[in-house]
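Load the model and keep the selection panel open. The tour goes stop by stop.

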Amino acid sequence: MARKKTRKKGGKKKKPVKKKPVHKKTKKKSQLGLFEGKAKKTPKPKPKKKTKPKEEPPSPKAAPTPKPQKKPRRLKTMAEKMATRQRDISISEFFTKNRHLLGFDNPQKALLTTVKEAVDNSLDACEEAKILPELDIRITDLKNDRFQVSITDNGPGIIHSQVKKIFGKLLYGSKFHTLKQSRGQQGIGISAAGMYSQLTTGKPVVITSRTREDRPAHRLEVKIDTRRNEPEVGDDIKGAEWKEPHATGTKVVMEIEGLYRGGKRSVDQYIEQTAIANPHTKITYHNPKGEQLEFPRLTEELPREPIEIKPHPHGVELGMLMSMLKTTRGRNLKGALMRDFSRVSERVALAICEAAKLTPGSRPKRLAPEQVEALHKAMGQAKIMNPPTNCVAPIGEELIHAGLKQGIEADFYTSVTRSPSVYRGNPFQIEVGIAWGGSLPADDLCTLYRFANRVPLQYQQSDCAITKAVIDTDWRNYKVSQSRGALPSGPMVILVHMASVWVPFTSESKEAVARYPEILKEIRLALQLAGRRLSHHLSARRREAEEGRKHSYIETYIPHIGIALKEILGLNKKQETRVVKKLTNTLQRSRKFK
């Protein structure tokens, strides 16, 4: 039998299991040994999902764990809160809320102020260009208390680039920094009228102007950005049609909310007074009723052109002096005084420096405040001539007389022009005119016409220096009745005109003159001289009336005397007639009657 193959214990031989090579990244630190080099990071095991542990109710004895408190936010102080509300205020934004300061506090006054500002600009432009002014003023009633105001002049016109600034920006003009007589002073008037038009109707000011005969006109619509005091231009037509009869000029049209009334303080009275104070002007006026009024020119001569002057040392204030010394072009103090002030010669400048204990060659910009104050005091005490008076242009006695005759029916006219005087270093001149009798009311208070640089002042009469001077004058000395503290009464018109390089108005609306002692004194002196002339006239009229009464009284009894002589002397009829005629001739010769 064949042997069965028997297996050895353990069975078949197992094949050797090859060990898989361990990747370097998966090698453990223990397998690398201490000198195998740096071990690489093993991958982090995936984080197990956190399960919220069941919240156990806090034991009554255990204290709650305090939460970390945030840093408290610092509260703003009241000063910081107030500081956040501060901002700049535009001048036009200010006057938008305070338009009463400019004369637009009621509809009737607003209409008058609008016309006044436009007329002032036109007259100033014509006179500066040496053109006899011709004005066309039209006020059209648009119903619902709205009016269209149109003023056209024959002036030199306005160049295109300046139109928007003149009519769309407050405090913009050419007269504020010059010392010579002019109607406008602050550069507010016409732009303020445009601002009022914009506020009440929302309409812009329409300006059409032509500067040369061989060029077309330009037409602009202008509004004011009140927050920035800057102009906003709407339609701008550079080839606009010019239909006016004059070769050059400016036409201003604006729509405003207003109220038209005749009588005192009306536009009608303003136009009449403007014609009296400006006899060289021709005015055509169309009122809202559709009536046309003509005010012809009384003279073909323009007023004398005022000459610009420098500040006078007696009129400068300390702060203004400091500013002038900082900006002067003079190389030394003596040169600055001679260059920047009127009536200061080299001798006067040296005397001022000596009185102030300053070196004439010192630098004006380096003077200490104490030195400037000493200089200001020395300037006020120095004997200096009054400033030149060619900077003012009065109306003149003859033209005041002619203007009163044209506008007022009276029996007696007189006018007075005083010599120039000075207040605070500013030259000024006072003129007075009086009209008496005629068709003027005899039982009322007199009518007072107030003018400043040929511009009628219609409102704030009681606050004006002119009114105070008229009331303080004792008119009873001149045979005119007057109650205490009131204007004189009788058939009389009093005209007072102040011409100055700088009229001290009490407000921006330019309606009343401030009460400086020098101004009050000059007005009273002019009124007293005119009052004496009126007194002579009234005395002569009263003598004539008395003589006439006596004449008529005697003349009544002359025929009875003839009859008595006839009976006593036995005269016949012919002799009686001869005696009566002889007595009548004797009466007329003795009483100087014709």
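Contact here means heavy atoms within 4.5 Å. Keep that cut-off in mind for the packing at the opening stop. The model is a predicted one.

**Stop 1: helix α11**

Select residues 369-381, which make up helix α11. Check the length. At 1.5 Å a residue, the 13 residues of α11 should span 18 Å; the C-alpha atoms at its ends lie 19 Å apart, so the two values agree. Now colour by burial. Val372, Leu375, Ala378 and Met379 are buried in α11. These residues lie on the same side of α11, because they cover an arc of only 120 degrees around the axis. An α-helix has 3.6 residues a turn, so residues three or four places apart point the same way.

What do the buried residues of α11 pack against? Show α8 (318-327), α9 (333-340) and α10 (346-355): these are the packing partners. Then turn to the face of α11 that points away from the buried side. Pro369, Glu370, Lys377 and Gln381 are there, and they are exposed.

**Stop 2: the β4-β5 hairpin**

Select strand β4 (residues 217-225) and strand β5 (residues 230-240). The two run antiparallel and are joined by 7 bridges. Pick Val222; its bridge partner in β5 is Val233. Next, go to the turn. The hairpin has 4 residues between its strands, and Asn229 in the turn has a positive phi of about 55 degrees.

**Stop 3: Phe167**

Phe167 sits in helix α5 (residues 160-168). Is Phe167 buried or exposed? Its relative accessibility is 5%, so Phe167 counts as buried.

**Stop 4: the nonpolar cores**

Phe167 is also one of the residues with the most contacts inside the largest nonpolar core, which has 43 residues. Leu111, Val115, Ile137, Met254, Val267 and Ile271 are on that list too. Helix α4 (residues 107-128) gives the largest share of this core, 7 residues. Centre on Ile137. Among the contacts of Ile137 are Val115, Val119, Ile151, Ile271, Ile283 and Tyr285. Then look for a second, separate core of 37 residues; among its members are Val416, Cys446, Cys464 and Ile523. In soluble globular proteins, nonpolar side chains tend to be buried together.

**Stop 5: salt bridges**

The model has 20 salt bridges. Start with Glu134 and Arg297, whose side chains meet at 3.9 Å, N to O. This pair links distant parts of the chain: Glu134 is in strand β1 (residues 134-141), while Arg297 is in the loop between β8 (292-295) and α8, 163 residues apart. Glu134 counts as partly exposed because its relative accessibility is 26%.

Move to Asp136 and Arg138, a salt bridge with its closest N and O atoms 2.7 Å apart. Asp136 is buried, at 18% relative accessible area. Arg138 is partly exposed, at 37%.

Now jump to Asp474 and Arg476. Their salt bridge is 3.3 Å, N to O. Asp474 is partly exposed at 31%, and Arg476 is exposed at 54%. End with Lys116, Glu117, Asp120 and Lys510: salt bridges that share partners join them into one network.

Note on methods:
Residues are numbered from 1 along each chain as its sequence is written. This is a predicted model: local features need pLDDT of at least 70, side-chain atom pairs count only at pLDDT 80 or more; totals for chains, interfaces and linings use all residues. Side-chain values use heavy atoms; hydrogens and water are left out. Two strands pair if DSSP finds at least two bridges between them. The expected span of a helix is 1.5 Å times one less than its number of residues. Buried means under 20% relative accessible area, exposed over 50%, partly exposed in between (1.4 Å probe, protein chains only). The arc is that of the directions from the helix axis to the C-beta atoms. A salt bridge is a side-chain nitrogen of Lys or Arg within 4 Å of a carboxyl oxygen of Asp or Glu. A nonpolar core is a set of buried Ala, Val, Leu, Ile, Met, Phe, Trp, Tyr and Cys residues joined through side-chain atoms within 4.5 Å.
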